[in-house]
Amino acid sequence: MLTIRRIPTIVSNYQESLESKIGCGKNCLGSCCIPGARLPLYLFGNQELDEHGEIQSKELGQNSFLDSAILGQWADKQAEGLFRYDVTACDTKVLPGKYGFIAQLNEGRHLKKRPTEFRVDQVLQPFDHKKFNFTKVGQEEMLFCFEQSNNDKSYYHSKAYIRGSPNVVVINVSPIEYGHILLVPRVLDCIPQHLETDTFLLAIYMAAEASSPFFRLGYNSLGAFATINHLHFQAYYLGNCFPVEKAPTKLILHHYKGFKVYQLENYPVKGIVYEVGESNFEELAFYIIKVCKGLQGRNIPYNILIANKGCQIFLFPQCYAEKQARGEVDLEILETQVNPAVWEISGHIVLKRKEDFERATEEYAWRLLAEVSVSEKVFDEIIKLVFSSAEDKFDAKLYHKSLISTDITYYTVGENVIMV
Amino acid sequence: MALQNGSLLSSDRKCVRSPRMKNHKLIVSQSLIRSYRASIQDELQKHAYNFVLCDPGLPDHPIVYASDGFLEMTGYSRDEVLGRNCRFLQGRDTDKRAIVEIREAIREERDCQIKILNYTKAGKPFWNLFHLAPVFSQQDGRVVHFVGVQLPISSKLAARKDGHLTGLELSFDELEFEEHFDNPSCKNYHLSEEDKQRAFAAVKAVLQELANSSCKGVSSMRSKSFSEGVIPPGFVATSLLLALTRIPHSFVLTDPHLPDMPIVHASLEFLELTGYTREEVIGRNCRFLQGPDTDLAPIEELRSSISEGQTCTVRILNYRKNKEPFWNSLHISPVRNSSGKVVSLFLTHSLKCSPFQVAYYAGIQVAVSHSSEEDEGRARMQQLGTLGAIKVAVRSIQTGAVLRKSKTIS
């Protein structure tokens, strides 16, 4: 069993407390408190992709209501003292060079306590109710529930009665940017950190609803620096281009369904890029998940970046944690204590020490990320997996619209409904 | 999400305008009048090039001028393209990376020359040698417009060894529409020096025309002092401007580092709410919105919050340009940029001295009716959402302008 000593990232103020929450009366996100609670609810409408793979948004070229819903509550949460530090005080810069890696000096993000032992050789691990999970988070850290509406319009209810297991959006109390949130699908179902098509689709729908190329979602599998074994995606806004989005690509597959698959070229981490093309989100998610299941089955950790309003999805298999456990990583790189998860791989690197931030160069970023990349041999296997899973037949009947929220029902409370 | 059958639709492409550009004809003509003489349209008409002018200070970076050649090439009418973003030229097989490169060049305020697959109104693809160049104001260093020149390429051109063509007046009919865009001689067609020079020449000619016709001074290069690091007051980088124009609400950004804290940016909705034009508000302090019946109490509250670098919300009676009063739920807040700990001159003498760089003070307006509390709640949500979006916009690291010397066409 491979382990590493790691200082975990705190994403919730409840992460450090080990009290149990049975009949807690603490307004948490568990089955004791959610059913019957009145919570903010965001209903996202169905968005059609036109024949050019672009979202036919009524909010053309402008910020969406989702931006207001997320960012609007941010200042309030800040005033309530829920964040461990003020991310707007963190110095950020673009490293000179061709790709423009983004470095941030963030001394507050990693807890300065005794490090825990973390098992890194198992991508699939069963859910452990004793460990921290998102049902233990307080409702004050929640922004809203995120469900699909039954037409093409989006709605926002500030006080809707919730029944069933909602998808929740919570703040990340150790943000790396303004608006850094966590999306937890079906929080009460206590799904461990692995992907299925329906939960993955939810993340893509959120990217589409945000309608901004600068709002991105990310996923880290276990072994690829996921902190918590309870299914969640991260998301935040950054008004700059990620280096990986500028990297050249080579087309390797133009699927008959219309989506395209590329291989990253001239980038330190080997990766695969999916573009929705003339396909749709459901088909795209189906085929990507096939590959992810293959990776999970082969115990290969991976990270996923959802960018460009959901139309571009990057898949990065990685092996840094394993290398670290085997003592194969360069000492200088290790000393910067950067855990290369999806944001780092995409080019947004959070540094803990001032001297690392001041000395940071594109060359350092390249060296760090080169250690993350799987070997040529493993990557070739993965490419083969991409091709073989592309041959599977997509079953449209499996993806009925109500798949996302089959047993969530809610009642509106009349006022406070804002149709957007 | 409804499932599509994935078949290629052959109908005419939809050309959608931002919903905020309701008075697009007026807005578009104002964009030209603001910087050039009234005769500019006639002057530009004389050139047979295919090109457009776009204004990054308007919502969705729309086209404000399109040459006849451009319209002929793409098959649209002038009315169909004015006020719309150029993305209608892109389609299914347009390389996403080419789009990213153009977007980055815009954000970094520099030239870009790139081969990109575009589509006519009828949906026919064609390879386009696209050249983008910024037009800088001599006054405040901002990018006033972007010029985009298009030179369609075909395999016919690729095949011609002698390369003899009559400049950019090449009629589009000469290009073979039936060619499949996959035609290898197109894809692998390496742009010859001649092509590149032709595009350069077109851009140069257009820029020259704009410079000659400008009333306040524009050029293809920034002023010498700017390149040496002397940034004029009230300068707003294009990347910030593009992010700010995405915010569909009324707000202003004021600069607390300049005397009397003037407005440096006002959203389209602010101008529509107050009835002023951009020129009438940029550079002035917001107090011009106050009038005879405005109470002193909210004014004092604003003043004291600003001197302490605090946020506050007040309900204040303001006046439109036509003297009509309206109740304004005004929320103000300091906004930081991405850099870290620089002591701001503005706040040094304040007791609650913040060590962090305050880049701007944002003011967000929501017109409310006198009474209702429900209005207050709704206003609040809108204000905070807008403020959050402003913070994200200002926080993004401004590339171009200050950090990079703009490339110029010599």
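Predicted model: local features only at pLDDT ≥ 70, side-chain atom pairs only at ≥ 80, totals over all residues.
## Chain A overall

Chain A contains 10 helices and 19 strands. Of its 420 residues, 67% are buried. Its accessible surface is about 15000 Å², and carbon and sulfur atoms hold 50% of that area.

## Chain B overall

Chain B has 14 helices and 11 strands. Its length is 410 residues, of which 56% count as buried. The chain exposes about 18100 Å², with 54% of this area coming from carbon and sulfur atoms.

For chain B, 63% of the contacts with a separation of 6 or more join residues 24 or more positions apart.

## Packing of H4 and H10 in chain A

Two packed helices are described by the angle between their axes and the distance between the axes. For helix H4 of chain A, residues 281-297, and H10(A), the angle is about 135 degrees and the axes lie 9 Å apart. The arrangement of H4(A) relative to H10(A) is therefore oblique. The crossing of these two helices is right-handed.

On the H4(A) side, the contact involves A:Tyr287, A:Lys290, A:Val291, A:Gly294 and A:Leu295. Their counterparts in H10(A) are A:Ile382, A:Leu385, A:Val386, A:Ser389 and A:Ala390. By class, the residues in the contact of H4(A) with H10(A) comprise 7 nonpolar, 2 polar and 1 charged.

## Loop residues of chain A

A:Ser373 is placed in the loop that links helix H9 (362-370) to helix H10 (376-390) of chain A. With a relative accessible area of 7%, A:Ser373 falls under the 20% limit, and so it is classed as buried. Leaving aside residues up to four places away in sequence, A:Ser373 touches A:Pro268, A:Val269, A:Lys270, A:Cys319 and A:Lys323.

A:Cys190 occupies the loop between strand S9 (181-184) and helix H2 (197-210) of chain A. Its phi is near 50 degrees, a positive value in a residue other than glycine. The relative accessible area of A:Cys190 is 14%, so this residue is buried.

## Loop residues of chain B

B:Glu109 is found in the loop between helix H5 (96-107) and strand S3 (112-119) of chain B. Although B:Glu109 is not a glycine, its phi is positive, at about 55 degrees. The relative accessibility of B:Glu109 is 0%, and the residue therefore counts as buried.

B:Ser67 belongs to the loop between strand S2 (63-66) and helix H3 (68-74) of chain B. This serine has a relative accessible area of 1% and is accordingly buried. Beyond residues up to four places away in sequence, the contacts of B:Ser67 are with B:Tyr49, B:Asn50, B:Phe51 and B:Arg78.

Notes:
Residues numbered from 1 in each chain as written. Chains lettered and ligands numbered in written order. Heavy atoms only, no water. Helix = DSSP H or I, 4+ residues; strand = E, 2+ residues; numbered from the N terminus. Buried < 20%, exposed > 50% of the residue type's maximum accessible area, 1.4 Å probe, protein only. Contact = heavy atoms within 4.5 Å. Areas by Shrake-Rupley, 256 points an atom, 1.4 Å probe, with all protein chains shown as cover. Axes fitted to C-alpha atoms, helices over the stretch in contact; angles between N-to-C directions. Parallel < 35°, antiparallel > 145°, perpendicular 65-115°, else oblique. Left-handed = near helix turned anticlockwise from the far one by under 90°. Nonpolar A, V, L, I, M, F, W, Y, C, P; charged D, E, K, R; others polar.
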